[in-house]
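Reader: I am new to this structure and would like to understand the words used to describe it. Could you take me through them slowly, setting each value against its cut-off?

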Amino acid sequence: MPFAPADHRLMEASIEALGDRYDGMAGALFNQYIADHPHHAPVFLNPDAAQERMTRETLEVMLGLAADENWVDHTVTNFIDLHHNYADFTPEDYASWFALVITIMAERAGSDWPDGASAAWQRQADGLVAKVAAVERNDEVPTRS
């Protein structure tokens, strides 16, 4: 996804609109993801530690992509290597996670969610999924079995 200042502004406005309704979102998001993907539950050895970090890093990298931040590609590669140590997550797994993040944010913000915000987030999610798919797996990072 090329530099998208309009998306970035809209995404920031949506985070602001979400406000305090972010509280507890990471837990709800993670629980829903695991309910939808129960086969991934065993790979999260400490879900309480993972859920907030996963949520915040997802939001940061999507915002970073929209702002054309130079650290995004490196961060995506690190995500792949880190997650590969737990399981062989697919681009579709990432796409499901990103879509769920967007849906839950919009639900929590309710009528305060800006028009077009979900589409802006989804464009960035699509760009991230493309980046995930393009990362070559680091065979030196073993998959936990």
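This is a predicted model: local features need pLDDT of at least 70, side-chain atom pairs count only at pLDDT 80 or more; totals for chains, interfaces and linings use all residues.

Reader: What makes the meeting of Arg56 and Glu52 a salt bridge?

Author: The term requires a side-chain nitrogen of Lys or Arg within 4 Å of a carboxyl oxygen of Asp or Glu. The N to O distance for Arg56 and Glu52 is 2.6 Å, so the pair meets the 4 Å cut-off.

Reader: Where do Arg56 and Glu52 lie?

Author: Both are in helix 3, which covers residues 47-66, and they are four residues apart, about one turn of the helix. An α-helix has 3.6 residues a turn, so residues three or four places apart point the same way.

Reader: Which residue forms a salt bridge with Arg53?

Author: Arg53 pairs with Glu57, and their closest N and O atoms are 2.8 Å apart. These two are also four residues apart in helix 3, so about one helical turn separates them. Arg53 counts as exposed because its relative accessibility is 51%, where exposed means over 50%. Glu57, by contrast, has a relative accessible area of 24% and is therefore partly exposed.

Reader: Why is Phe30 called buried?

Author: Phe30 has a relative accessible area of 4%, and buried means under 20%, so Phe30 belongs to the buried class. Phe30 is found in helix 2, residues 25-36, whose buried residues also include Met25, Leu29 and Tyr33. What covers the buried residues of helix 2 includes helix 1, helix 3 and helix 5. Leaving aside neighbours within four places in sequence, Phe30 is in contact with Phe44, Pro47, Gln51, Met54 and Trp97.

Reader: How do you know that the length of helix 5 is close to what is expected?

Author: Helix 5, residues 91-109, has 19 residues and reaches 27 Å from its first C-alpha to its last, to be set against the 27 Å expected at 1.5 Å a residue. Among the buried residues of helix 5 are Trp97, Phe98, Leu100 and Ile104. The helix is followed by Gly110, whose phi is positive, near 60°.

Reader: Why is helix 5 called roughly antiparallel to helix 6?

Author: The axes of helix 5 and helix 6 come within 9 Å and cross at roughly 165°. Angles over 145 degrees count as roughly antiparallel, and that makes helix 5 roughly antiparallel to helix 6. The contact is made by residues including Tyr94, Phe98 and Ile102 of helix 5 and Trp121, Ala125 and Leu128 of helix 6.

Reader: And what makes helix 3 roughly perpendicular to helix 6?

Author: The axes of helix 3 and helix 6 come within 9 Å and cross at roughly 95°. The range for roughly perpendicular is 65 to 115 degrees, and so helix 3 is roughly perpendicular to helix 6. Among the residues that make the contact are Leu59, Met62 and Leu63 of helix 3, and Trp121, Gln124 and Leu128 of helix 6.

Reader: What does the secondary structure of the protein come to?

Author: It comes to six helices and zero strands, and the pattern read along the sequence is α-α-α-α-α-α. Of the 145 residues of the protein, 46% count as buried.

Notes
Residues are numbered from 1 along each chain as its sequence is written. Side-chain values use heavy atoms; hydrogens and water are left out. Buried means under 20% relative accessible area, exposed over 50%, partly exposed in between (1.4 Å probe, protein chains only). Contact means heavy atoms within 4.5 Å. The expected span of a helix is 1.5 Å times one less than its number of residues. Axes are lines fitted to C-alpha atoms, for helices over the stretch in contact, and angles run from 0 to 180 degrees between N-to-C directions. Angles under 35 degrees count as roughly parallel, over 145 as roughly antiparallel, 65 to 115 as roughly perpendicular and the rest as oblique.
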